[in-house]
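This briefing concerns the model shown below.

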Amino acid sequence: MKREYQDAGGSGGGGSGDMGSSKDKMMVAPAQEQDEEVDELLAALGYKVRSSDMADVAQKLEQLEMAMGMGGVGGAGAADDGFVSHLATDTVHYNPSDLSSWVESMLSELNAPPPPLPPAPPASRLASTSSTVTGGGPYFDLPPAVDSSSSTHALKPIPSPVAAPADPSTDSAREPKRMRTGGGSTSSSSSSSSSLGGGGARSSVVEAAAPATQASAATNAPAVPVVVVDTQEAGIRLVHALLACAEAVQQENFSAVEALVKQIPMLASSQGGAMRKVAAYFGEALARRVYRCRPPVDNSLLDAAFADLLHAHFYESCPYLKFAHFTANQAILEAFAGCRRVHVIDFGIKQGMQWPALLQALALRPGGPPSFRLTGVGPPQPDETDALQQVGWKLAQFAHTIRVEFQYRGLVAATLADLEPFMLQPEGEDADGEPEVIAVNSVFELHRLLAQPGALEKVLGTVRAVRPRIVTVVEQEANHNAGSFVDRFTESLHYYSTMFDSLEGAGSGSGSGQSDASTGAAGGTDQVMSEMYLGRQICNVVACEGAERTERHETLGQWRNRLGRAGFEPVHLGSNAYKQASTLLALFAGGDGYRVEEKDGCLTLGWHTRPLIATSAWRVAAA
């Protein structure tokens, strides 16, 4: 691209010679274009493109698109606005009929900083100064190079189509200038113009100052800025925002709470994996607490069915429920050794997934299986159907298959505190004088009683009245029921963060049977549903209070004190249960992160160094 300037006063410093050469070019250009074959399709649209230049034009168009899009990176909107206004007010006119030269002209403009506007000349000079356009071609003459002796900044001639200011005194008034960082170009004019003026980079714009020499300008050329997000720092800010929001909730500083609740989702979006998910659930729970939008109670048929579905997916996706069932069954199996009539009372039977394994173990016992009676306790169904009876029917079919004598009874109770001793009493002795041995099983059920004053004591008194041989208790190893709201929030944040980490680890593990695509897809569904299962618990711990807050988890030490005061003493879970539980986890995908530990005769399952659930066994203390 070339430009032609006419100066009536002849102050161009050699402009007349250039004008002569320009006229020669204008005369030769049309003749050369007639000899070249022009692309017919583009010619029909009004563009002159030689067939031999098609590849070059396409490449330049791509460069033009990249150059015009560079301003969107790093938020340099202000720089782009100034640059577009520069192009709009430029006095040089392009001839778009020749597409190749027009694209090259635009590239040169985009890759060079905007030229400073010359000072306003006298009126007589304005009349004689103009920018001319060649009639048939895109060729423009360049202005003469500025003499370095006439410039106080000692500018050197730069071989690019950039007009130098006519008066150097105007530079100081226009500095510093903000210019876009130019991208690389394959054309010589683009590469030469990109070596202009160095400065300090600020986001996606740089401060352009007049360089002393061309060499220093090339050395200080600004690089394209790269925005780096420190996810670790953002994660720390996210945790601080969550804790600050909890403190503001406790202090009832609702203006600060509202601001932090809006900030948490933005900070969480910068995270990945478990941290983003658990922060989203805690942020939602805080918002529900602040705006008093309590989570709905599962009092409809759809809610109850969905809760059962989430529980089933949680069972499949991680080993916590499997570990709970296995360790409790092992303790019950050892307590039933040598007994001919056994009775298990399950305080939360749900789908009855715990008992097929115990039935099968009893069926393989030397001397034959005992007579097995099961009492399953569950909440009433919204549609008043007998879901407990359906669970018993399935278990009865399984017991018949493995030749175990089986009896089942379902007890519907809104809360365990509604149970009375006569509902759980054994049938007495059979004809041979063999008594019925009772085992009581509770998996994640007793902590819900802490929301009702005196309910736990009543239930434990009912259990003690039926004189069971063993009571198995599985609970979360966490303290979500004591201290202030901030203490409870902090403890639950650590606990569920570890829970979500373990779900991520189990989901990324490669266990046996997880190699095909269908199993992998099912595992992904299990993980998502399990996260929702835990998310409901988070919402209850954080957003609810009073009788509505049923997720009142306590530690193993706290349960030891409660059961001891109620007249129970611990039963040591043997080393056999520990070894078998460890073997079970080794077969589970992602089992490397899970840890089984024995603690004062109890077994805990955790993720790395953090225990998450605990199994303990108890019996009625001797009088």
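In this predicted model, L286 is in contact, leaving aside its neighbours within four places in sequence, with L242, C245, V249, V261, I264, F485, F489 and V542. L286 is also among the residues with the most contacts inside the largest nonpolar core, together with Y320 and F372. That core has 87 residues, while a second, separate core of 28 residues includes L416, L424, L449 and W559.

**Overall composition**

- The secondary structure of the protein chain comes to 22 helices and 14 strands.
- Of the 623 residues in the protein chain, 43% are buried.
- Among contacts in the protein chain with a separation of 6 or more, 77% are between residues 24 or more positions apart.
- In soluble globular proteins, nonpolar side chains tend to be buried together.

**Surroundings of L286**

- V261, one of the contacts of L286, is found in helix α11, which spans residues 254-269.
- V261 is buried because its relative accessible area is 11%, under the 20% limit.
- Leaving aside neighbours within four places in sequence, V261 is in contact with C245, L286 and A287.
- V261 and V290 are 29 residues apart along the chain, and their C-alpha atoms are separated by 8.9 Å.
- C245, which is in contact with both L286 and V261, is buried with a relative accessible area of 0%.
- F485 and F489, two further contacts of L286, both lie in helix α19 (residues 485-508).

**Cysteines**

- The structure holds 0 disulfides.
- For C544, the closest cysteine sulfur is that of C539, at 6.1 Å; this is too far for a bond, because a disulfide requires the sulfur atoms to be within 2.5 Å.
- C544 counts as buried, at 3% relative accessibility.

**Aromatic pairs and charges over rings**

- The structure holds 9 aromatic pairs.
- One of these is formed by F314 and Y320, whose rings are stacked at 6.3 Å centre to centre, with 10° between the planes.
- Both partners are buried: F314 has 2% relative accessibility, and Y320 has 0%.
- The rings of F485 and F489 have their centres 6.1 Å apart and their planes at 40°, so this pair is tilted, an angle that falls between the 30 degrees below which planes count as stacked and the 60 above which they count as edge-to-face.
- F485 and F489 are 4 residues apart in helix α19, about one turn of the helix, and both are buried.
- Ring pairs link F314, Y320, Y533, Y594 and W607 into a cluster; Y320 is also among the residues with the most contacts inside the largest nonpolar core.
- The charged end of R289 sits over the ring of F485, 4.2 Å from its centre.
- The charged end of K322 sits over the ring of Y315, 4.6 Å from its centre.

**Positive phi values**

- R403, a residue other than glycine, has a positive phi near 65°.
- R403 is found in the loop between α16 (387-401) and β8 (406-412), and R403 counts as exposed at 73% relative accessibility.
- D600 is not a glycine either, yet D600 has a positive phi of about 55°.
- The loop between β12 (594-599) and β13 (602-607) holds D600, which counts as exposed because its relative accessibility is 60%, over the 50% limit.

**Confidence**

- The protein chain has a mean pLDDT of 74, and 59% of its residues reach 70 or more.
- Where pLDDT is low, the predicted coordinates should not be read in detail.

Note on methods
Residues numbered from 1 in each chain as written. Predicted model: local features only at pLDDT ≥ 70, side-chain atom pairs only at ≥ 80, totals over all residues. Heavy atoms only, no water. Buried < 20%, exposed > 50% of the residue type's maximum accessible area, 1.4 Å probe, protein only. Core = buried A, V, L, I, M, F, W, Y, C linked by side-chain atoms within 4.5 Å. Contact = heavy atoms within 4.5 Å. Helix = DSSP H or I, 4+ residues; strand = E, 2+ residues; numbered from the N terminus. Phe/Tyr/Trp six-rings, centres within 6.5 Å; stacked < 30°, edge-to-face > 60°. Lys NZ or Arg CZ within 6 Å of the ring centre and 35° of its normal. pLDDT = per-residue confidence, 0-100.
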